[in-house]
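Please keep the sequence and the model at hand while reading.

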Amino acid sequence: MQETKPQIQADSFLTLHYRLTTQDGEEVVSTFDLGPATIQMGNGELNENLEACLVGLIPGEHAIFEVPAEAGFGQHNPVLVQRIARSAIPVDQDLQENTLIEFTSPEGAEFAGFVREIDATHALMDFNHPLAGKSLRFEVQIIGLL
């Protein structure tokens with residue numbers, strides 16, 4: 001009788017190495033040169049679309065997934081790029097181009113925006129995920145299921 005290895009499920013707790021790069025080879029994150037990551041599937045530790053790639057894999061398996069933008073972090077949405085008055089930006093924020101600023105809405109929700117441009121009265125903020133609109137390459141080495 002052949003023993004079947006356990007497969008990753010949508011709620012699995014697992015240890016793995018992973019690397020995420022853009023299609024042009026720019027590395028976003030990698031655990032291959034560090035210690036492996038341990039994640040609980042479904043807890044938001046990894047993008048849900050990337051987690052979906054893992055379902056069905058078994059310990060010891062190595063896989064590479066090509067993830068189009070719409071299946072990764074979505075397409076870049078121009079509506080989420082907004083010109084905001086500098087007076088509306090919290091004074092404790094260090095306002096500089098090419099930096100990320102965190103905001104808290106009146107309802108208490110936290111979100112971040114990337115500062116694209118600054119002038120005397122406004123900042124051009126991009127509230128898209130930094131990987132929105134980018135096709136990705138997701139490489140994984142499954143170490144084990146816990």
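This is a predicted model: local features need pLDDT of at least 70, side-chain atom pairs count only at pLDDT 80 or more; totals for chains, interfaces and linings use all residues.

1. The four-stranded sheet. Four strands form an open sheet in the order β5-β8-β7-β6, and their pairing is antiparallel. From one strand to the next, the twist averages 45 degrees.

2. The pairing of β7 with β8. Within this sheet, strand β7 (residues 110-118) and strand β8 (residues 122-126) run antiparallel and are joined by four bridges. A reader tracing the two strands may look for V115, which stands opposite M125 in β8.

3. The largest nonpolar core. This core comprises 20 residues, and those touching the most other members are L16, L54, F138, V140 and I142. At least two residues of the core come from each of β1 (13-22), β3 (37-40), α1 (48-54), β4 (62-67) and β9 (136-145). Another core, of nine residues, lies apart from it; L95, F103, V115 and A123 are among its members.

4. The surroundings of I142. Which residues does I142 contact, leaving aside its neighbours within four places in sequence? They are I8, L14, T15, L16, L54, L57, I58, P59, G60 and E61.

5. The aromatic rings. A search of the whole structure returns two aromatic pairs. Ring pairs connect Y18, F65 and F138 into a cluster. F138 is also one of the residues that touch the most other members of the largest nonpolar core.

6. The residue E27. Is E27 in a helix or in a strand? E27 belongs to strand β2 (residues 27-30). Its relative accessibility is 47%, and E27 therefore counts as partly exposed. Leaving aside neighbours within four places in sequence, E27 is in contact with R19, L20 and T21. With R19 there is also a polar contact of 3.3 Å between the two side chains. By contrast, S12 and E27 are 15 residues apart in sequence, and their C-alpha atoms are 26 Å apart in space.

How values were computed
Residues are numbered from 1 along each chain as its sequence is written. Side-chain values use heavy atoms; hydrogens and water are left out. Rings of Phe, Tyr and Trp (its six-membered ring) pair if their centres lie within 6.5 Å; planes under 30 degrees apart count as stacked, over 60 as edge-to-face and the rest as tilted. Two strands pair if DSSP finds at least two bridges between them. Axes are lines fitted to C-alpha atoms, for helices over the stretch in contact, and angles run from 0 to 180 degrees between N-to-C directions. Buried means under 20% relative accessible area, exposed over 50%, partly exposed in between (1.4 Å probe, protein chains only). Contact means heavy atoms within 4.5 Å. A polar contact is a pair of N or O atoms within 3.5 Å; within protein, one must be able to donate a hydrogen and the other to accept it, and residues adjacent in sequence count only if both atoms are side-chain atoms. A nonpolar core is a set of buried Ala, Val, Leu, Ile, Met, Phe, Trp, Tyr and Cys residues joined through side-chain atoms within 4.5 Å.
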